Amino acid sequence: MAKFPAASNLKVDELIALYEGIIPEVEESLRDSAISDQLVKPGAPRGLDDLLEYGEFGDPMMPEDLTELDSVMLGKLFSFLTNWTNYVQSELTRAECILMVIERELEIIKAALMIYYKEDVQVPANQAGDRVDTDSRYVRADTAAYRTKIFVKKVKSRYDQYKKTIGTISREQTRRQAEFERERHESTGPMEQMGAKGFRRRGT
């Protein structure tokens with residue numbers, strides 16, 4: 001049995017036409033099944049946009065010194081970048097699904113072209129692979145797969161970086177909370193602390 005039955009049953013151009021509408025269908029299925037919504041880019045909260053710079057793909061970059069932000073702005077930054085991380089994750093899921101479709105299309109086109117050159121054009125088996133590699137139909141599909149792989153790698157890198165960024169902000173928030181608790185503890189003084197303990201004992 002042939003590895004790709006469709007490759008022997010349909011002509012190469014028919015196979016290409018068959019795959020033309022698959023990617024929009026995949027995206028629609030992802031949305032309908034709630035597997036991965038195509039999220040809208042989150043907007044920066046009021047007061048935060050002036051503090052942010054944006055890089056490739058319009059991605060917001062974390063300020064170099066988080067200690068310059070007050071706690072309110074830090075909380076807004078954490079919320080905004082968490083939403084942005086979710087947005088990038090949805091883009092990664094979509095890109096990975098599209099890559100799966102393109103790679104499958106590439107495999108079937110290659111199989112169909114091998115059959116075409118061996119059986120229809122009567123090219124010797126040891127030369128058929130070279131003819132396939134230089135066929136414009138295969139080259140277009142191969143180029144599309146290569147571009148998509150690069151895009152997936154870039155989105156994966158963006159997602160990984162934002163997860164680290166969220167962790168960095170979270171640690172700064174934890175540090176501030178611990179510092180606040182320490183200062184509050186020190187400001188009460190030993191007598192106030194003893195009085196608070198005595199009050200708790202009388203209440204029990």
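Is Ala145 buried or exposed?

Ala145 counts as buried, because its relative accessibility is 1% and the cut-off for buried is under 20%. This value, like the others in this report, comes from a predicted model.

Ala145 is part of helix H6. Setting aside residues up to four places away in sequence, Ala145 touches Leu99, Ile102 and Leu106. Another residue, Ile98, is 47 residues apart from Ala145 along the chain, and the C-alpha atoms of the two are separated by 9.4 Å.

## Asp135 between two helices

Where does Asp135 lie? Asp135 is in the loop between helix H5, residues 125-134, and helix H6, residues 136-203.

Asp135 has a relative accessible area of 6%, so this residue is buried. When neighbours within four places in sequence are left aside, Asp135 is in contact with Leu113 and Tyr117.

Glu53 belongs to strand E1, which covers residues 53-54. Glu53 counts as exposed because its relative accessibility is 56%, and the cut-off for exposed is over 50%.

Which residues form the negative surface patch? The patch is made up of Glu53, Glu64, Asp65 and Glu68.

## Summary

Ala145 in helix H6 is buried at 1%, and Asp135 in the loop between H5 and H6 is buried at 6%. Glu53 in strand E1 is exposed at 56% and is one of the residues of the negative surface patch.

Technical notes. Residues numbered from 1 in each chain as written. Predicted model: local features only at pLDDT ≥ 70, side-chain atom pairs only at ≥ 80, totals over all residues. Heavy atoms only, no water. Helix = DSSP H or I, 4+ residues; strand = E, 2+ residues; numbered from the N terminus. Buried < 20%, exposed > 50% of the residue type's maximum accessible area, 1.4 Å probe, protein only. Contact = heavy atoms within 4.5 Å. Patch = residues over 30% accessible without salt bridge, like charges linked within 9 Å, V, L, I, M, F, W, Y side chains within 5 Å. Areas by Shrake-Rupley, 256 points an atom, 1.4 Å probe, with all protein chains shown as cover. Salt bridge = Lys/Arg side-chain N within 4 Å of Asp/Glu carboxyl O. Lys, Arg positive; Asp, Glu negative; His and termini not counted. Charge placed at Lys NZ, Arg CZ, Asp CG, Glu CD.
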